Amino acid sequence: MNILSLITFLPLAGALLVLALPKEKERAVQIVSLLFSGLALVLSAALFFYFDRQTSDMQFVERLPWIPSVGVQYFLGVDGLSFPLLLLTTLMTFVSLIASLNIKNRIKEYFFWFLILEVGMLGVFAALDLVLFYVFWEITLVPMYFLIGIWGGPKKEYAAIKFFLYTLTGSVFMLLGILAVYFKSSPHTFDLLVLLQAHPTWDRTFQIIVFLAFYLGFAVKVPAFPFHTWLPLAHVEAPTAVSVVLAAVLLKMGVYGIMRVSYGMLPLGFQWFLPFLVVIAVIGIVYGSLCAMAQSDMKKMVAYSSINHMGYCLLGIAGLSVTGFAGSVLEMVNHGIITGALFLLVGVIYDRAHTRDITAFGGLAAKVPVYAGIMSLACFASLGLPGLSGFWGELLCFVGAFPRWKIYTAVSVIGLLVTTAFFLRMLEKVFLGPFNEKWKDLTDLDARELCALLPLVALTIYLGIYPKPALDLINATVGHMAGLIK
């Protein structure tokens, strides 16, 4: 078995082993899940040293016939766009499983579904056949539905159904788009690399219609305005680790789809949609930050900030430049790491205090200094403070978009200011001022929580000081992409 297949299906092997274990063997279930997810992380980290940074070509390619009668292949490969997201997925899933060790209810099913979710996410970033891509995309829906619907909060069923209906509706349009390009291509194929070369023969009207079909599928997942309404509820009701993966990885699938499929395969449709895309990006940045500012629930505030940050990614794409594309990919990676940490930290305070109301706390910095320090660092990184990783992605998105969209980019800066305001307001309300004696028994981070958080803290600081290793992975691919549309 090739390395990409091994990384993608190790979590599936773990899930099947978990399924075979008696449900009373809870510790064994947790160990097996961590072991197989950890192996996938180790192997993907090993690929970092073998990845050729000088080429935009697909690497570690695997190609086997799957359904030859209709040309469907088992076709995997990664480049500078997908490999950073593959790494992010294995890291954030492993971290989330560590955070999930405090789950007490139906442990076997929980870890089984979490591992299946990892298979789907990894497959989306590795697949180069549109049918295979669609299969992995749909695989992520089912585990996420159960993880929210069974282990979520008071409105878990409603949140799970809303998430499922939104994303399934988008998927139907995506499937129509896949069928359209299949029948338009000659000879008929689902091979993404072949389809990326076929677009010069497709007329503009066809590209616009098919672009819209794909966009509806990807925009729901981003989530781009006005398809974002499922996200805050899903985050609030989901258990902590599921919120981490949802924000860190699943939202990136939408932006990845726009860059991988829509942009390269349908350039005339993309150019037609570009003025709308930049407006949607600006709305996401400003509206998402204003909504976050209005929240008193910490988790809902971080959820809305994700809409704001995905707007930066769309703005970078709309710049149609090497800098903008690089910024968008880097923003996806950095946002995954930082927001993952923020959701873990919100989960920690909720586990202890059973509330996430910002106004219910006060002066906690003196009582839980380690927690306060890491939360402050994550907030500063998310608002884009120089020296922390969040800064570079946002900077490149703005610099990449400015030459083409000067006024829109200037308006987007409002989002930066509001983001700074709501994070500072949260830090002031929770950690500064007089100590609220109600929380005198609150304890600081324990060993499990630190194990989940410290790798994210280390990466936030390292990529903030020295982003070159991440940009080296991305540059060759985005340089090639930027040359596709003049």
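Start at His-354, in the loop between H14 and helix H15 (364-367) of this predicted model. Check its backbone: phi is near 60 degrees, a positive value in a residue that isn't glycine. Most non-glycine residues have a negative phi, and most peptide bonds are trans. With 59% relative accessibility, His-354 counts as exposed.

Now jump to the loop between helix H13 (298-318) and H14, and pick Leu-320. Here too phi is positive, near 50 degrees, in a residue other than glycine. Is Leu-320 buried or exposed? Its relative accessible area is 8%, so Leu-320 is buried.

While you're around H14, select Thr-339, which lies in that helix. Thr-339 counts as buried because its relative accessibility is 0%. Show its contacts and, leaving out residues up to four places away in sequence, you'll find Ala-247, Val-302 and Ser-306.

Ser-186 and Pro-187 are joined by a cis bond with omega at about 0 degrees; Pro-187 sits in the loop between H7 and helix H8 (192-198). Then go to Val-222 and Pro-223, where the peptide bond is also cis, omega near -5 degrees. Pro-223 belongs to the loop between helix H9 (204-221) and helix H10 (230-237).

Select Leu-168, Val-172, Phe-173, Leu-175, Leu-176, Leu-179 and Phe-183: together they make a nonpolar surface patch with about 590 Å² of accessible area. Leu-168 is in helix H7 (residues 156-184) and is partly exposed, at 32% relative accessible area.

Stay on that helix for Lys-184. Which residue does its side chain meet in a salt bridge? Pick Asp-203: the N to O distance is 3.5 Å. This pair ties distant parts of the chain, with Lys-184 in helix H7 and Asp-203 in the loop between H8 and H9, 19 residues apart. Both ends are partly exposed: Asp-203 at 37% relative accessibility, Lys-184 at 35%. Side chains of opposite charge can pair when their charged atoms come close. In total the structure holds 8 salt bridges.

For another one, select Lys-468 and Asp-472, whose closest N and O atoms are 2.9 Å apart. Both lie in helix H20, 4 residues apart, or about one turn. An α-helix has 3.6 residues a turn, so residues three or four places apart point the same way. Lys-468 is partly exposed at 43% relative accessibility, and so is Asp-472 at 24% relative accessible area. Salt bridges with shared partners also join Arg-352, Arg-448 and Glu-449 into one network. Within that trio, Glu-449 bridges to Arg-448, closest N and O atoms 3.6 Å apart, and Glu-449 is buried, with a relative accessible area of 6%.

Finish by selecting all of H20, residues 468-482. Its 15 residues reach 20 Å from first C-alpha to last, close to the expected 21 Å. Where does H20 bend? Look at Asn-475, where the bend is about 40 degrees. Buried residues in H20 include Pro-469, Leu-473, Thr-477 and Met-481.

Notes
Residues are numbered from 1 along each chain as its sequence is written. This is a predicted model: local features need pLDDT of at least 70, side-chain atom pairs count only at pLDDT 80 or more; totals for chains, interfaces and linings use all residues. Side-chain values use heavy atoms; hydrogens and water are left out. Helices (H or I, at least four residues) and strands (E, at least two) are DSSP runs, numbered from the N terminus. The expected span of a helix is 1.5 Å times one less than its number of residues. The bend at a residue is the angle between axes fitted to the seven residues ending there and the seven starting there. Buried means under 20% relative accessible area, exposed over 50%, partly exposed in between (1.4 Å probe, protein chains only). Contact means heavy atoms within 4.5 Å. Patches are made of residues with over 30% relative accessible area and no salt bridge: like charges are joined within 9 Å, nonpolar side chains (Val, Leu, Ile, Met, Phe, Trp, Tyr) within 5 Å. Accessible areas come from the Shrake-Rupley method with a 1.4 Å probe; for residues, only the protein chains shown count as cover. A salt bridge is a side-chain nitrogen of Lys or Arg within 4 Å of a carboxyl oxygen of Asp or Glu.
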